[in-house]
Amino acid sequence: MKLCTEDLGYTTPGGARLLDGVSLTVADGETVGIVGPNGSGKTTLLRCVYGALTPTAGRVLLDGDDLTGLGAKARSRRVATVPQDGQAGFDLTVRQVVAMGRSPHKRFWEGDTARDEELVAAALTRVGAEGLADRSFTALSGGERQRALVARALVQQPTVLVLDEPTNHLDIRYQLEILSLVGGLGTTNLLALHDLNLAAYYCDRLHVLRNGELITSGTPKEVLTSDLLAEVYGVTAEVAVHPATGAPTVTYLPASR
């Protein structure tokens, strides 16, 4: 499934323009990163894509279908989201949290079916969390919690996954595990990332935002340059191709004293 935004804009009721004319494409099966400094509009863009915010301009298209006017359930059957650090409102087991992902496919108060249970079990196995099924969600580590939230997204049976800083607050082991997991799912993935080196290694393409506008797009090698980092982030950095990964690697240099 091909995901596109066309001239996407979002202005708050108070008049603050958070997104301005953002047009981007995520091809079928791609993992595409949204990068940029704090306040650049990354989370606002993702919220417009998965429906938490309604754009004040432009459209969100999935294989040409306008998602903007869809109801929450219809949209959630096509686009699933993994938040930064999701919290369950109650002391639920991991299995119960993952089963919540079936709600877009069910009527109000409809119970879980044998098919729902099969999908939950398959999703937990796919993310390597089958051993966590009966544990309390609130007792999980950050990395375990993110695995459970990816499983919850998978049981929605979406074609697009939207992930907002999925490695936030995780130690490096879990950062690598979560991004490897997402890249191997076969879904079309759009994610905001803070760490440019992780974005360079795990993303097929990058879109750079600054002050709500799209500055440039391309492969990590095309996008991550010393000039761009100076322009967009205001830092001095060296960018080299890592001999083991073939991906660009950013080394930040301290400011002159």
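This is a predicted model: local features need pLDDT of at least 70, side-chain atom pairs count only at pLDDT 80 or more; totals for chains, interfaces and linings use all residues.
Residues are numbered from 1 along each chain as its sequence is written, and side-chain values use heavy atoms, with hydrogens and water left out.

Let me begin with helix H9, residues 226-233, where Leu228, Leu229 and Val232 are buried, buried meaning under 20% relative accessible area, exposed over 50%, and partly exposed in between, with a 1.4 Å probe and protein chains only. These three lie on the same side of H9, because they cover an arc of only 100 degrees around the axis, the arc being that of the directions from the helix axis to the C-beta atoms. Helices (H or I, at least four residues) and strands (E, at least two) are DSSP runs, numbered from the N terminus.

As for what the buried residues of H9 pack against, the partners are helices H7 and H8 together with strands S9, S10, S11 and S12, where contact means heavy atoms within 4.5 Å. After H9 comes glycine 234, with a positive phi near 70 degrees.

Now to the backbone angles: most residues other than glycine have a negative phi. Aspartate 7, however, has a positive phi, near 45 degrees; this residue sits in strand S1, residues 3-11, and is exposed, at a relative accessible area of 52%. Histidine 169 also has a positive phi, near 70 degrees, and is found in the loop between strand S7 (160-164) and helix H6 (172-183), where histidine 169 is exposed with a relative accessible area of 66%.
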